[in-house]
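Biologist: I would like to learn how to read side-chain contacts in a model. Can we start with the aromatic rings and then go on to the charges?

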Amino acid sequence: TFRFSPLTASINDTPETAAKEFNELLKGKNKKNVPLLVAIGNAYLNHKCPDEAQVYADRAMKIDSKSAPVYVLAGDIALTQKNVGMACGYYEQAILFDANCYDAYYKYAHAYQSGNYGKAKSAYDEFMQQGTPDTQDYEHYAMLLYLNKDYAQSLNAVEKGLDADKDNHLLKRLRMYDLYEMEAYKEGLEAADAFFNRPEESNYVYLDFLYRGRLSLADQRNEEALQWFEKALKADTGNTHPEIAKEVSAAHEKLQNYPEAIRLYQL
């Protein structure tokens, strides 16, 4: 994560100075630093300068045409220009290159909502029924339904996808999420066991641990739940999701662990 808040403040006040400073940052070994280019692009976009943001998105894309954050930035730029179709296309590309890029999933679903989600869902429904969907189609469709709280339909798409690819990591993840949201806790715990039955912990994200903790708590496995919640907190590097601490605090309060509840609430 790049922090240059004094510099970004000058984007609107003294744009020439900001541009010069950004160019200085990108000299030498940073010339092809994709995360830095994306960070600068986001800084411009946050200051309502989409044209300048596009310049950096284009530069980053030329260096790495398979970087999910680059496509998320490109999608965000398209969305500010009211081009919902293009934005969704970029978000889909981000998901294609990184199945764990949650920003892309959320923005994809929200873009669809702002661009008539009902119509988009109808088009997807028709394709899934009459077309020849592959595993990736089931991934996207199930995630879109999950994010829009159509959990039963999402689970149905998940099951169909798993019929074709029984070890699909993303679909197994969504199965756990959907079952929890449908209050099918016993089945959810079985789905969680199947999902976490692999050694590569790097493939797990904070939300996975959070859902596993929720399932344990719902089944009154309190100590187990707290261990999973602790994993969720650790996985949220940089504390970018303060809502996790609030949820874990509420769990401690429910279990009458008041000192820990207060500590987490104040994070």
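Modeller: This is a predicted model. Rings are paired by the distance between their centres, with a cut-off of 6.5 Å. By this rule there are 16 aromatic pairs.

Biologist: Take Tyr177 and Tyr211: what kind of pair do their rings make?

Modeller: Planes under 30 degrees apart count as stacked. The ring centres of Tyr177 and Tyr211 are 4.1 Å apart and the planes are at 15°, so this pair is stacked.

Biologist: Are Tyr177 and Tyr211 buried or exposed?

Modeller: Buried means under 20% relative accessible area. Tyr177 has 0% relative accessibility, so Tyr177 is buried. Tyr211, at 2%, is buried as well.

Biologist: Which residues form an aromatic cluster with Tyr177 and Tyr211?

Modeller: The cluster consists of Tyr146, Tyr151, Tyr177, Tyr180, Tyr185 and Tyr211.

Biologist: Where does the charged end of Arg214 sit?

Modeller: For a charge over a ring, one looks at the distance to the ring centre and the angle from the ring normal. The charged end of Arg214 sits over the ring of Tyr211, 4.6 Å from the centre of that ring. Another case is Lys231, which lies over the face of Trp228 at 4.7 Å from the ring centre.

Biologist: Now the charges. How many salt bridges does the structure hold?

Modeller: A salt bridge needs a side-chain nitrogen of Lys or Arg within 4 Å of a carboxyl oxygen of Asp or Glu. The structure holds 10 salt bridges. One of them is between Arg212 and Asp193, with 3.6 Å from N to O. This pair also links distant parts of the chain: Arg212 belongs to helix α14 and Asp193 to helix α13 (residues 185-195), 19 residues apart.

Biologist: What does Glu224 contribute to the salt bridges with Arg212 and Arg221?

Modeller: The side chain of Glu224 meets Arg212 at 3.3 Å, N to O. Glu224 lies in helix α15 (residues 222-235) and Arg212 in helix α14, 12 residues apart, so distant parts of the chain are linked here too. Glu224 also forms a salt bridge with Arg221 at 3.4 Å. Glu224 is partly exposed at 25% relative accessible area, and Arg221 is partly exposed at 34%.

Biologist: Which residues are linked in the network of salt bridges?

Modeller: The network links Lys186, Asp193, Arg212, Asp219, Arg221 and Glu224.

Definitions and conventions: Residues are numbered from 1 along each chain as its sequence is written. This is a predicted model: local features need pLDDT of at least 70, side-chain atom pairs count only at pLDDT 80 or more; totals for chains, interfaces and linings use all residues. Side-chain values use heavy atoms; hydrogens and water are left out. Rings of Phe, Tyr and Trp (its six-membered ring) pair if their centres lie within 6.5 Å; planes under 30 degrees apart count as stacked, over 60 as edge-to-face and the rest as tilted. Buried means under 20% relative accessible area, exposed over 50%, partly exposed in between (1.4 Å probe, protein chains only). A charge sits over a ring if NZ of Lys or CZ of Arg is within 6 Å of the ring centre and within 35 degrees of the ring normal. Helices (H or I, at least four residues) and strands (E, at least two) are DSSP runs, numbered from the N terminus.
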